[in-house]
Amino acid sequence: MAATPRMELEKMSVEHLRGLKEQVDMEVNLLQDSLNNLRSANSRLENASAALHDLSVRPRGKKMLVPLTASLYVPGKLDDAEKVLVDVGTGYFIEKTMVEGKDYCERKIALLKSNYDQLLEVTAKKRSIADEAGAILQAKLKQLAPSQ
């Protein structure tokens, strides 16, 4: 939906305004969920990037705990820090060099930041529409209420 001018909102009936406000509020909630998901993904990528850096400075043969899942770690030894497996999604992993792995993380972080910024802008516009529709709705309801 394009930005709705105030004049168009003022011409709408109370029922239409109420429906529009509910619809836009639902859209804002969905957008907020998407923003939270992007923040979470960005955090995971930053952690992965930090882990790659930490891995690159460890000496060969160093004992360490290797994560199998988010809560299960097994003991292991660092054999080759120059080759890493990169999770590219849906259970697929690609072997890359350490430099390629770091580059992958940086590119993904930049993409997520760009998407986050765009989504933040859309969310702000939708919130503005919802607030404006709510204000006009309240004014119309106040006009319709019997005087005391």
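**Group meeting: helices, a pocket and a loop**

Let's start with Leu120, which counts as partly exposed because its relative accessibility is 39%. Keep in mind that this is a predicted model. Leu120 sits in helix α3, residues 98-144. Now look across to Leu31. In sequence, Leu120 and Leu31 are 89 residues apart. In space, their C-alpha atoms are 8.2 Å apart.

Next, the stretch around residues 21-58. UniProt, in an unreviewed entry, marks residues 21-58 as a "coiled-coil region". What does the chain look like over residues 21-58 in helix and strand? In the model it is 95% helix and 0% strand. The end C-alpha atoms of that stretch are 55 Å apart.

On to the largest pocket. Its space comes to about 1300 Å³. How many residues line the largest pocket? There are 31, and Ala48, Ala51, Leu52, Pro67 and Leu85 lie nearest the centre. Which element gives the largest share of the lining? That is α2, with nine residues. Several elements supply at least two lining residues each, among them α2 (14-56), β1 (63-67), β2 (73-77) and α3. β3 and β4 also supply at least two each. By class, the lining has 20 nonpolar, eight charged and three polar residues.

Last stop, Thr90. You will find Thr90 in the loop between β3 (83-89) and β4 (92-97). Its phi is positive, about 45°, although Thr90 is not a glycine. Is Thr90 buried or exposed? Thr90 counts as exposed, because its relative accessibility is 76% and the cut-off for exposed is over 50%.

How values were computed:
Residues are numbered from 1 along each chain as its sequence is written. This is a predicted model: local features need pLDDT of at least 70, side-chain atom pairs count only at pLDDT 80 or more; totals for chains, interfaces and linings use all residues. Side-chain values use heavy atoms; hydrogens and water are left out. Helices (H or I, at least four residues) and strands (E, at least two) are DSSP runs, numbered from the N terminus. Buried means under 20% relative accessible area, exposed over 50%, partly exposed in between (1.4 Å probe, protein chains only). UniProt positions are given in the numbering used here, feature names are shortened, and annotations may be inferred rather than shown by experiment. On a 1 Å grid over the protein atoms alone, a cavity is a set of points where a 1.4 Å probe fits but cannot get out, and a pocket is an open set with protein on both sides within 12 Å along at least five of seven lines; lining residues have an atom within 4 Å of a point. Grid points are joined across faces, edges and corners, and a volume is the space filled by probe spheres set on the points. Ala, Val, Leu, Ile, Met, Phe, Trp, Tyr, Cys and Pro count as nonpolar, Asp, Glu, Lys and Arg as charged, and the others, Gly among them, as polar.
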